[in-house]
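Keep the structure open as you read.

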Amino acid sequence: MALDQSFVGRSYPPTDPYEVGREKIREFAEAVGDANPAYTDAEAAKVLGHPDVIAPPTFVFAISFKAAGKVVEDPQLGLDYSRVVHGDQKFAYTRPVRAGDRLTVTSTIEAIKSLAGNDILDIRGEVHDEAGEHVVTAWTKLVARAAEPAAEGA
């Protein structure tokens, strides 16, 4: 069953603040194999003009994807998450994420499409710091695969 187009444009309340820690940034940088010293050394980050270590560009995925969960879990939307795969992800930064940031994410359904029985859901996450300043926009594309047709004679 196709998702309801009337949900396009619906926004969900902001998340509770997520405090970005130096250790989380370091762990993430190590996990993705990025040895940029601005991610692990405050002095190296300061030389580049940052007040503290900064996070790799994809770091914000963890909090933006969790925020998209508010959309996914909306019972009125009717998305069958057991059939969902992650289709795409992109980011547009105003500034890097920094250690000490307290970030909130507001998710909005940007588009719903049906293609060959699959539902494609585009969610935009607006990430702001504690002062309300925009940090990054994250777009997440989720694909809810079509249900398998019933086997003949079953």
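**Helix H3 and its cover**

The buried residues of helix H3 are covered by elements that include strands E1 (18-19), E2 (84-93), E3, E4 (118-128) and E5. Keep in mind that this is a predicted model.

- Which residues of H3 are buried? They are Ile63, Ser64, Ala67, Ala68, Gly69, Val71 and Val72.
- H3 has 12 residues, and at 1.5 Å a residue it should span 16 Å. Its end C-alpha atoms are 16 Å apart, so the two values agree.

**The nonpolar cores**

- The largest nonpolar core has 21 residues. Val20, Ile25, Phe59, Val97, Leu103, Val127 and Val135 touch the most other members.
- Helices H1 (22-31), H2 (42-47) and H3 (61-72) each supply at least two residues of this core, and so do strands E3 (102-115) and E5 (134-144).
- Another core lies apart from it and has 15 residues, among them Val71, Val72, Leu77 and Leu142.
- Look next at Phe59 in the largest core. Leaving aside neighbours within four places in sequence, Phe59 is in contact with Tyr18, Val20, Lys24, Ile25, Phe28 and Val97.

**Thr140**

- Thr140 sits in strand E5.
- Is Thr140 buried or exposed? Its relative accessibility is 3%, and buried means under 20%, so Thr140 counts as buried.
- The side chains of Thr140 and Gln89 are joined by a polar contact of 3.1 Å.
- Not counting residues up to four places away in sequence, Thr140 touches Phe65, His86, Asp88, Gln89, Leu121, Asp122 and Ile123.

How values were computed:
Residues numbered from 1 in each chain as written. Predicted model: local features only at pLDDT ≥ 70, side-chain atom pairs only at ≥ 80, totals over all residues. Heavy atoms only, no water. Core = buried A, V, L, I, M, F, W, Y, C linked by side-chain atoms within 4.5 Å. Buried < 20%, exposed > 50% of the residue type's maximum accessible area, 1.4 Å probe, protein only. Helix = DSSP H or I, 4+ residues; strand = E, 2+ residues; numbered from the N terminus. Contact = heavy atoms within 4.5 Å. Expected span 1.5 Å × (residues − 1). Polar contact = N/O pair within 3.5 Å; in protein donor to acceptor, adjacent residues only side chain to side chain.
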